[in-house]
Amino acid sequence: MASSAGDPLLPGEDGDGRRRFLPSNIRLKTSVWSELGGAVGDLGTYIPIVLALSLASHLDLGTTLIFTALYNFATGLLFGIPMPVQPMKSIAAVALSSAHLTIPQIMSAGLAVAAILLFLGVTGLMTAIYRFLPLPVVRGVQLSQGLSFAFTAVKYIRYEQDFSRSSSASTSVQRPLLGLDGLVLALAALLFIILTTGSGDDDDVNRDGTNRRRRSCSRVPAALIVFALGLVLCFVRDPSIVQGLRFGPAPLGIVKITWDDFKIGFWEAAVPQLPLSVLNSVIAVCKLSSDLFPERAELSPARVSVSIGLMNFVGCWFGAMPCCHGAGGLAGQYRFGGRSGASVVFLAIGKLVLGLVFGNSFVTILGQFPIGILGVMLLFSGIELAMASRDMGSKEESFVMLVCAGVSLTGSSAALGFISGIVLYLLLRSREVDIGGVVGRWGAGRRQSADKTFEDGNGDA
């Protein structure tokens with residue numbers, strides 16, 4: 001990690017030794033540029049989903065920006081790490097599919113998931129689930145989600161996208177080689193990030209064994225530079241988008257939800273979302289945070305679960321997209337330099353300004369954002385998440401992890417992969433049980449019981 005020597009923007013004490021007034025959870029752990037780079041690290045996931053829902057389902061982007069900004073503020077202060085706030089992916093996928101849910105039905109799904117996660121968190125059941133789950137199964141879920149992100153990212157880079165139909169609607173048209181959203185631009189962004197951040201480690205080792213400081217993400221905010229380039233290219237690609245901008249926030253209103261809306265939203269979207277929220281938004285996030293921040297106390301699954309429940313109970317009533325935390329977003333923000341709650345607080349400030357100044361009209365700008373650049377950012381997020389599974393200590397653990405990940409990917413269901421991983425893990429554990437010894441002890445117990453019964457009978461006689 002970057003040294004604190006000589007950096008006036010690092011946390012702790014000012015030059016004259018006085019403590020700063022910022023809460024400890026949002027004090028900078030590296031430099032302001034590193035945290036700013038991490039702030040945009042999960043936008044490769046966030047932008048495609050909210051853009052697709054804004055175009056296809058008429059989601060109010062301004063309202064979603066404002067409420068997710070408030071969520072980012074709260075999670076930065078509460079958790080002290082770059083805890084992401086991302087749209088619920090399964091709900092978004094159903095809303096953009098042939099079912100094409102209405103806004104009240106989308107919000108109903110979010111409220112249903114929020115209620116269940118809040119219950120699991122308050123009662124402590126989420127903590128019990130977290131302690132029960134074997135590590136190889138958790139790693140399998142992380143690996144499948146990371147690879148899924150990477151596969152989607154490659155599609156973003158190689159093919160044209162139609163976000164008016166889906167957040168992952170790849171067409172068969174290959175991306176042109178040149179142009180303001182061409183393959184060369186995406187590959188240039190990819191090479192730039194690799195050259196400036198390497199594999200994502202903060203330190204490297206020379207051949208002679210001495211440590212050296214590389215050009216890490218704390219010195220070159222690669223993601224921030226690439227994202228800023230993308231914003232500039234939005235106006236270069238279509239200067240007329242300036243005319244479509246409207247100043248001022250979108251008016252807030254309560255979403256009217258009928259009983260029919262709730263039933264459809266629950267069965268169509270909340271049910272498939274719930275396993276993903278439990279596994280990826282709570283379990284995997286808590287485990288990944290302990291991997292990335294071993295110096296910090298492990299996140300409480302109950303607190304993370306309650307966090308998701310509370311923020312959706314607030315925002316969904318006003319039409320903000322149902323959101324959760326995500327291991328992929330945390331991996332992405334860490335990969336690009338986020339090391340504290342300050343990273344998501346910076347992101348919150350940006351979202352809040354955009355939501356208050358441009359409101360829903362900001363969708364005209366996002367509609368011109370180079371998708372190839374988003375694909376590059378998403379690719380690094382997915383790889384960082386997948387690499388968390390490299391700590392399996394035995395062939396048996398790797399076997400369970402890979403089966404869980406493979407079933408999750410081929411079946412497009414984290415729940416199916418999770419069940420397969422649990423069943424396989426229990427089967428492998430059962431092989432360690434001494435069946436002969438158990439049967440022998442059972443038989444000996446039966447004989448002792450029979451002998452005692454016989455002696456009691458003779459005594460009565």
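This is a predicted model: local features need pLDDT of at least 70, side-chain atom pairs count only at pLDDT 80 or more; totals for chains, interfaces and linings use all residues.
## Overall picture

Residues are numbered from 1 along each chain as its sequence is written, and side-chain values use heavy atoms, leaving out hydrogens and water.

The protein has 18 helices and six strands, taken as DSSP runs numbered from the N terminus (H or I, at least four residues, for helices; E, at least two, for strands). Take contacts (heavy atoms within 4.5 Å) between residues at least 6 apart in sequence: 79% of them join residues at least 24 apart.

## H3 against H13

Helix H3 (residues 61-79) packs on helix H13 (residues 341-357) at about 160°, with the axes 8 Å apart. Those axes are lines fitted to C-alpha atoms over the stretch in contact, with angles running from 0 to 180 degrees between N-to-C directions. H3 and H13 are therefore roughly antiparallel, the label for angles over 145 degrees.

On the H3 side, the contact includes Leu-65, Ile-66 and Phe-73; H13 brings residues including Val-344, Leu-352 and Lys-351.

## A look at Ser-90

Ser-90 sits in helix H4 (residues 89-95). With 17% relative accessibility, Ser-90 counts as buried. Leaving aside residues up to four places away in sequence, Ser-90 touches Pro-272, Gln-273 and Leu-276.

Note on methods:
Angles under 35 degrees count as roughly parallel, over 145 as roughly antiparallel, 65 to 115 as roughly perpendicular and the rest as oblique. Buried means under 20% relative accessible area, exposed over 50%, partly exposed in between (1.4 Å probe, protein chains only).
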